[in-house]
Amino acid sequence: MPNLLTEPIAKLRKIIHVDMDAFFAAVEQRDHSELQGQPAIVGGDPAGRGVVATCSYEARRFGIHSAMTAARARSLCPQAIFLRPRMEAYRKASRQVMEILQKYTPLVEPLSLDEAFLDVTVATADGILAVQIAREIRWCIQQETGLTASAGVSYNKLLAKLASDWRKPNGLFVIPPEKGLDFLSPLPVGKLHGVGPATVRKLSTLGIHTVLDLRNAERETLIAQFGKTGLWFYEIARGIDKRPVQPSRQRKSVGAERTFPQNINDPQIMLTHLQEMASQISARLITIGLAGRTISIKVRFSDFETITRAYTHVQAVWRKEDLIACLPDLLGKALPVESQPSIRLLGVSVSGMLRPEESATNTGQMDLLEDILVKSHGVRR
Ligand code: DCP
Ligand code: MG
């Protein structure tokens, strides 16, 4: 069989992905010993419209997962213990974890409060194995925070992240270069970075279900169907992911875009799409602990002319309500007055980033964050 890896083995990087187990729920179980071994759910009020932020592994056995309505979670497991989030406690644990990671390399890229990539290529140059570093990191995290983390070790971000998920919770898994392709082959395509439910459906109509199917697809077919993203699919199917670990990545914006299979003419439908994207962005901002002052929308017309319209708040915002409030006005400014609009793409983004603690007065800040976390996941009955 030909070696599909394009990078010579000697040049391969050593990447570790660390992801805390059931993070918010694990902090609660650590701090309230009566919750240990119990199905514990962190999120909104099951009697109201709250959603599950996360739950302990004991609760997962009942089929409960993040973003499900809390009411449904309660019906699946009536004896589950529901807890409101304590963001400050999670932030503190997150800071401790990130400090531990920094001891091994400055090349640490946090992705959210509970996960990060590390590039330990240099740190392993003198013979220390990446897996040894991963083992030590997991041990230190446990010692210092009383929480467990799972870690994945491989030669790029794509595989390191899949590896950390493979033995969760409290697991460690290594995918060495020669095993990368075999590991990927049987996985459903939905496991791959950047392949969401809509793409899974589209790939499935092309007869592509597993990564092996994807690898067997023609490069030209993938590009014809998915454009630039098709090229990404072609590469990741072969275990190729050249994205560097970006330590100082100061996020400049958080955004979402949608291209429509058919052009849209109805402004009300456009607004609904913009609102849905704003709601997703709000949830993402909360997970990564950021807020921004500027809300922008992007509108691409059927003739590919693309315009943006932006509104800048006095204070940084992250709540769904605040992101949504200016959308009708921005859309109104973007659409032509005289002719009927025909739109092929819409996008929303938040920029001018600040950390939430810099973005509002401290009074009630945590209550507010907790409230947001529960309300903003967008799942409404
Ligand atoms: N989170 C959230 N809403 C979501 C997903 C996650 O509020 N829809 C929060 C709660 C999680 C934390 O982010 O504890 C980390 O997310 P993960 O996806 O890493 O999930 P967990 O750490 O809870 O569990 P796992 O063991 O699967 O990593
Ligand atoms: Mg996690």
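Student: Which elements each supply at least two residues of the shell around ligand 1?

Tutor: In this predicted model, β1 (15-20), α1 (23-31) and β3 (52-55) each do so. A residue is counted as near the ligand if its C-beta atom, placed from the backbone, lies within 6 Å of it. The shell holds 17 residues, of which Phe-23, Phe-24, Ala-53, Thr-54 and Ser-66 come nearest, and it divides into 8 nonpolar, 4 polar and 5 charged.

Student: What makes β3 and β4 (81-83) edge strands in their sheet?

Tutor: The open sheet has 3 strands in the order β3-β2-β4, with mixed pairing. Because β3 and β4 each have a single partner strand, one side of each is left without a neighbour in the sheet. On average, neighbouring strands of this sheet are turned by 30° against each other, direction ignored.

Student: How do you know that strand β2 (residues 40-43) and β4 pair, and in which sense?

Tutor: They share 3 bridges in the parallel sense, where at least two are required, so they count as paired. Ala-40 stands opposite Ile-81 in β4. Helix α1 packs on this sheet, touching β2, β3 and β4, and its direction makes about 120° with that of β2.

Methods:
Residues are numbered from 1 along each chain as its sequence is written. Chains are lettered from A and ligands numbered from 1 in the order in which they are written. This is a predicted model: local features need pLDDT of at least 70, side-chain atom pairs count only at pLDDT 80 or more; totals for chains, interfaces and linings use all residues. Helices (H or I, at least four residues) and strands (E, at least two) are DSSP runs, numbered from the N terminus. Ala, Val, Leu, Ile, Met, Phe, Trp, Tyr, Cys and Pro count as nonpolar, Asp, Glu, Lys and Arg as charged, and the others, Gly among them, as polar. Axes are lines fitted to C-alpha atoms, for helices over the stretch in contact, and angles run from 0 to 180 degrees between N-to-C directions. Two residues are in contact if their C-beta atoms, placed from the backbone, lie within 7 Å.
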